[in-house]
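Welcome! Take a look at the sequence and the 3D picture below, and then let us walk through them together.

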Amino acid sequence: VQLVESGGGLVQPGGSLRLSCQATGISFRFYTMSWYRQGPGKERELVAKISETGSTNYSDSVTGRFAISRDNAKNTVFLQMNNLKPEDTAAYYCKGVFWKSTYWGQGTQVTVSS
């Protein structure tokens, strides 16, 4: 099983990035997929979640700026991040959960700075 994130990088405040997480070795369509982040000196926190049926939830800090989506045909979950702020700087991780199985990706770094 592998979850591989990509799409991170350095972006100026107000800019956008699209993160991707491709899963292999799991029946992706049955999994609830989430994006978490961990900033410097902070605990890991939930950013957004999408269920197997496509329902979504967001943390208050990203509502209206971030959008999570999934493509079951490509075993991939996305996080579109708009109007990025310096406080969004963090390592971003994807997570897949189905029943008793939980898998994490290795993370991708997002840095928002001018």
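Which hand does the link of C21 and C94 have, right or left? With 40 degrees about the S-S bond, this link is right-handed.

Before going further, a word on the ground rules. This is a predicted model, in which local features need pLDDT of at least 70 and side-chain atom pairs count only at pLDDT 80 or more, while totals for chains, interfaces and linings use all residues. Residues are numbered from 1 along each chain as its sequence is written, and side-chain values use heavy atoms, leaving out hydrogens and water.

**The disulfide**

A disulfide is a covalent bond between the sulfur atoms of two cysteines; here it is counted when the two sulfur atoms lie within 2.5 Å. A search of the whole structure finds one, and it joins C21 to C94 with an S to S distance of 1.9 Å. Because C21 lies in strand β3 and C94 in strand β9, the pair ties together parts that are 73 residues apart in sequence. (Strands are DSSP runs of E, at least two residues long, numbered from the N terminus.) Both C21 and C94 are buried, meaning under 20% relative accessible area with a 1.4 Å probe, protein chains only.

**The core**

The largest nonpolar core has 26 residues. Such a core is a set of buried Ala, Val, Leu, Ile, Met, Phe, Trp, Tyr and Cys residues joined through side-chain atoms within 4.5 Å. Its largest share, four residues, comes from β3. Among the residues with the most contacts inside this core are W35, F66 and L79. L79 touches W35, V47, F66 and Y92, among others, not counting residues up to four places away in sequence; a contact here means heavy atoms within 4.5 Å.

**The sheet**

Four strands form an open sheet in the order β1-β3-β8-β7, with antiparallel pairing. Two strands pair if DSSP finds at least two bridges between them. β1 and β7 stand at the edges with a single partner strand each, so one side of each is left without a neighbour in the sheet.

β7 and β8 pair over six bridges and form a hairpin with four residues between them. In the turn, N75 has a positive phi of about 55 degrees. Two opposite pairs are listed here:

| Residue in β7 (66–71) | Opposite residue in β8 (76–81) |
|---|---|
| F66 | M81 |
| R70 | V77 |

Key. Buried < 20%, exposed > 50% of the residue type's maximum accessible area, 1.4 Å probe, protein only.
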